[in-house]
Amino acid sequence: MSVIEINSLTKHFSGKKFSGEKIKALEKVSFNVGNGEIFGLLGPNGAGKTTLVKILLGITFATEGTAKLFDKPVTNVSVKKKVGYLPENHRFPNYLTGEQVIDYFGKLSGLKKSDLDKTTYKYLKMVGMDEWGTTKIKKYSKGMMQRLGLAQAMISNPDLIFLDEPTDGVDPIGRKEIRDVLLDLKSQGKTIFLNSHLLSEIELICDKVAILNKGELVKVGSVEDITSTGNKYIFTTGDLPEEIMNKVLSEYKGTLHGKNEFECTINTLEEVNVIVDYLRSQKILIHGFSKEKNSLESMFINLIEQKN
Amino acid sequence: MVLYAFIKGVFREALAKRILITIFGFFSVLIVLFVFAITNSTVEGLQLMLESGSAGGLKEAVLTFESYIVSGIPMFMLVASMLIITSSFIPDMLKKGHIDLLLSKPISRTKIVIGHFLAGTLLVLVSFTFLLGSIWILVSAKTGYWNVSFLYSILWFTAIFSILYSAVMLIGFLSRSTILTIMINMLLFFPTTFLLYLANTYFQSDQKGIVFGPVAEALLKFFYNILPKAWDLQDVCAQYVTQTPVTNTMPIISSVLFMCVMLSLNIWYFNKKDY
Ligand SMILES: Nc1ncnc2c1ncn2[C@@H]1O[C@H](COP(=O)(O)OP(=O)(O)OP(=O)(O)O)[C@@H](O)[C@H]1O
Ligand SMILES: [Mg+2]
């Protein structure tokens, strides 16, 4: 079952006053997010990521198209009981303590006081903020605010969590901790929708990603699909004699990277094995071979550059 | 439940921003000044009447005194200051980073508007109960005549506040700025209603010192009729307090209508707006 269903979603903002110009924040975007997935939405600044999340949460309204959460239209308020949200640049009322922030937004999510008494510190502990619960949040650092925001997003034990740049301003250890929290949530069967620029991070935890550029969906698929570059294999071997190098070049259409490495574009696994057999028959020592992967980052940069 | 949490949140905001304490501090000062006033010679006439008069005279004197309190400009200024204080509520809620989170919660936009309206009204109800209740006790204890009708004024002034607050909220939603909201109210909205009140009183009197053209007169009357009538409501309040029959219910009906229209506009506008 799809938790999120988006169908040719379009959002135009009015641009400069009286110019009649339109800002196309989203242009016919369609995709689904399945139950239990960690879904990453990528894109350069101004691509429309935040706008998309806001439409899904009923904060902004779509110009055209439909969006559904749990099979219900996003305008249905009761659906939001099952949803948690960490906005980008969130600003909690700064006269509250961390504990009171959780309490206030928990109650707005429909939780009772008795539930909150039990869970507030559980979640604060999860994000490493339990010692700060009774401190006013105006004394928090940026990363601490972000952690509190994450606890806030999880407080109602939602089935679906939207996180807009959750690791923004968080130190590397904190980022690792947040990743662990997210993986833990996934293991509980929650669906997580992540907006981020940190591609290495997305690569580490996301099952599926979508790439947005200037409001248009450029690509959507599993991280595997997006980063694998056709069927390129890299072989590292012992020193290759001249004749073998020639054979690799002519017969297997390879590219040499010096004496000990070459790459080949290969269509079937059988062909990979043929090369292995050949090398072994020539008593060449194979140090290793691997299917080449693009990093998500280089892939992303290529795609966006192509589009522009 | 969620609505209750929301209203509590608005109250907590008022507490945290020291709005409640400011109101109560200010009102306490007013009450102390009032104590001086009634033990002083400023109301000598009243005191003389009290000391000499029969029971009827005493009642008369207290009612007159109390009606002065509720129909005077100072009470309107208090309502206006409450409106200034609450002007920040809507613009503060609409700040980026807060409104997004609020709207992602399972509370409808309509409930948010109603919650804000109720919270503001409740805040003012509590404050006016403190102020007018204290004044009532002081006057009654001093004179020995306990005019329970005076307590109606608490509800009247809270109602006057709510009627005007519905418009202040709308200006807050449209301008998204506290300063603009206050300016528009102080420079445009309140003065207009006051001038219209004066114009209407003038039209109803016999004097025809200044002559308005028929078009101007019709226009003034039209705006007088559609806008809320805080000043007339104060007069009606005085009638309640002095236990005299209310002569004109039109201001009540039209002001309540105005409030309903304003609230609907608030709800309509907030429901269609992107944040
Ligand atoms: N309220 C608004 N009014 C007008 N234009 C807007 C509004 N909100 C967003 N936009 C425009 O829509 C486009 C997409 O913005 P959005 O905030 O969704 O980008 P983003 O992908 O989240 O960027 P970032 O990575 O910087 O957070 C931008 O061009 C932005 O200027
Ligand atoms: Mg964004």
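This is a predicted model: local features need pLDDT of at least 70, side-chain atom pairs count only at pLDDT 80 or more; totals for chains, interfaces and linings use all residues.
Residues are numbered from 1 along each chain as its sequence is written, chains are lettered from A and ligands numbered from 1 in the order in which they are written, and side-chain values use heavy atoms, leaving out hydrogens and water.

**Stop 1: chain B as a whole**

Helices (H or I, at least four residues) and strands (E, at least two) are DSSP runs, numbered from the N terminus. The C-alpha atoms of chain B fill a box of roughly 65 × 50 × 30 Å along the principal axes.

Of its 275 residues, 51% count as buried. Buried means under 20% relative accessible area, exposed means over 50%, and partly exposed lies in between (1.4 Å probe, protein chains only).

Contacts (heavy atoms within 4.5 Å) are worth a thought too. Among those in chain B between residues at least 6 apart in sequence, 80% join residues at least 24 apart.

**Stop 2**

Select B:Glu13, B:Lys17, B:Asp92 and B:Lys95, and show their side chains. These four are linked in a network of salt bridges. A salt bridge here is a side-chain nitrogen of Lys or Arg within 4 Å of a carboxyl oxygen of Asp or Glu.

Next, pick B:Arg18, in the loop between helix 1 (2-16) and helix 2 (19-39) of chain B. Its phi is near 60°, a positive value in a residue other than glycine. B:Arg18 counts as exposed, at 59% relative accessibility.

**Stop 3: the magnesium ion**

Move on to ligand 2, the magnesium ion. Which protein donors does the magnesium ion have? They are A:Thr50 (OG1) and A:Glu88 (OE), lying 1.9 to 2.6 Å from the ion. A:Thr50 sits in helix 1 (residues 49-56) of chain A and A:Glu88 in the loop between strand 6 (83-86) and helix 2 (98-108), so the pair ties together parts that are 38 residues apart in sequence. Donors are N, O and S atoms within 2.8 Å of the metal (3.2 Å for Na, K and Ca), and sites may look incomplete because water is not among the atoms. A:Thr50 is buried, at 16% relative accessible area, whereas A:Glu88 is partly exposed at 31%.

**Stop 4: salt bridges in chain A**

Over all chains, the structure holds 16 salt bridges. Start with A:Asp117 and A:Lys113, whose side chains meet at 3.4 Å, N to O. Both lie in helix 3 (residues 113-126) of chain A, four residues apart, about one turn of the helix.

For a pair that joins separate parts, select A:Lys186 and A:Asp207. Their closest N and O atoms are 2.8 Å apart. A:Lys186 lies in helix 5 and A:Asp207 in the loop between helix 6 (199-205) and strand 9, so this pair ties together parts 21 residues apart in sequence. A:Lys186 is partly exposed, at 28% relative accessibility, and A:Asp207 is partly exposed at 28% as well.

**Stop 5: two buried residues in chain A**

Select A:Ile161 in strand 7. Is A:Ile161 buried or exposed? It is buried, with a relative accessible area of 1%. Leaving aside neighbours within four places in sequence, A:Ile161 is in contact with several residues, including A:Gly84, A:Leu185 and A:Phe193.

Finish at A:Gly215, in the loop between strand 9 (208-213) and strand 10 (216-222). A:Gly215 is buried, with a relative accessible area of 0%. Not counting residues up to four places away in sequence, A:Gly215 touches A:Lys24, A:Leu26 and A:Ala47, among others. To end, draw a line from its C-alpha atom to that of A:Val276, 61 residues away along the chain: the separation is 46 Å.
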